[in-house]
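Hi,

Here is the structure we talked about handing over. Have a look at it first, and then read on for my notes.

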Amino acid sequence: MLPLVGAELKPVQLYRHLLRCCRQLPTEAMQKHYRHAIRQGYTSHADEDDQERVQMIVQRAVVDADWILTKVRIKAF
């Protein structure tokens, strides 16, 4: 689920995208862990006002989410 790389996402859009990605994880424990991590990251960066830094965080989060989903898919086979 990587159609968002390169797109200019707003933080709320990223948050929703990452939560949707969690649904693809195989176990409830993994889903719960990553949902918690997503919420923590969102709240810890909520006061970030440098738009360049925000876009760097967004791009890194999308790439990381894709990496995790790819890793889970590879282990499933």
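**Pocket, core and cysteines**

Helix H1 (11-22), helix H2 (28-44) and helix H3 (51-76) each put at least two residues into the lining of the largest pocket. Helices here are DSSP runs of H or I with at least four residues, strands are runs of E with at least two, and both are numbered from the N terminus. Before going further: this is a predicted model, in which local features need pLDDT of at least 70 and side-chain atom pairs count only at pLDDT 80 or more, while totals for chains, interfaces and linings use all residues. Residues are numbered from 1 along each chain as its sequence is written, and side-chain values use heavy atoms, with hydrogens and water left out.

Back to the pocket. Its volume is about 590 Å³. On a 1 Å grid over the protein atoms alone, a pocket is an open set of points where a 1.4 Å probe fits, with protein on both sides within 12 Å along at least five of seven lines; lining residues have an atom within 4 Å of a point. Grid points are joined across faces, edges and corners, and the volume is the space filled by probe spheres set on the points. The lining of the largest pocket comes to 24 residues, and Leu14, Leu18, Ile38, Gly41 and Ala61 lie nearest the centre. H3 gives the most to this lining, with nine residues. By type, the lining holds 19 nonpolar, two polar and three charged residues (nonpolar: Ala, Val, Leu, Ile, Met, Phe, Trp, Tyr, Cys and Pro; charged: Asp, Glu, Lys and Arg; polar: the others, Gly among them).

As for the overall fold, the protein has three helices and zero strands, so the order from the N terminus is written α-α-α. Of the 77 residues, 25% count as buried (buried is under 20% relative accessible area, exposed over 50%, partly exposed in between, with a 1.4 Å probe and protein chains only). Among contacts (heavy atoms within 4.5 Å) with a separation of 6 or more, 61% join residues 24 or more positions apart.

The largest nonpolar core has 14 residues, and Leu9, Leu14, Leu18, Leu25 and Val58 have the most contacts inside it. H3 supplies the largest share of this core, seven residues. Such a core is a set of buried Ala, Val, Leu, Ile, Met, Phe, Trp, Tyr and Cys residues joined through side-chain atoms within 4.5 Å.

Leu25 is worth a click: leaving out residues up to four places away in sequence, Leu25 touches Met30, Gln31, Tyr34, Ile68, Leu69 and Val72. Gln31 sits in helix H2 and is buried, at 13% relative accessible area. With neighbours within four places set aside, Gln31 is in contact with Cys22, Arg23 and Leu25.

His36 and Leu19 are 17 residues apart in sequence and 9.8 Å apart in space, C-alpha to C-alpha.

Best wishes
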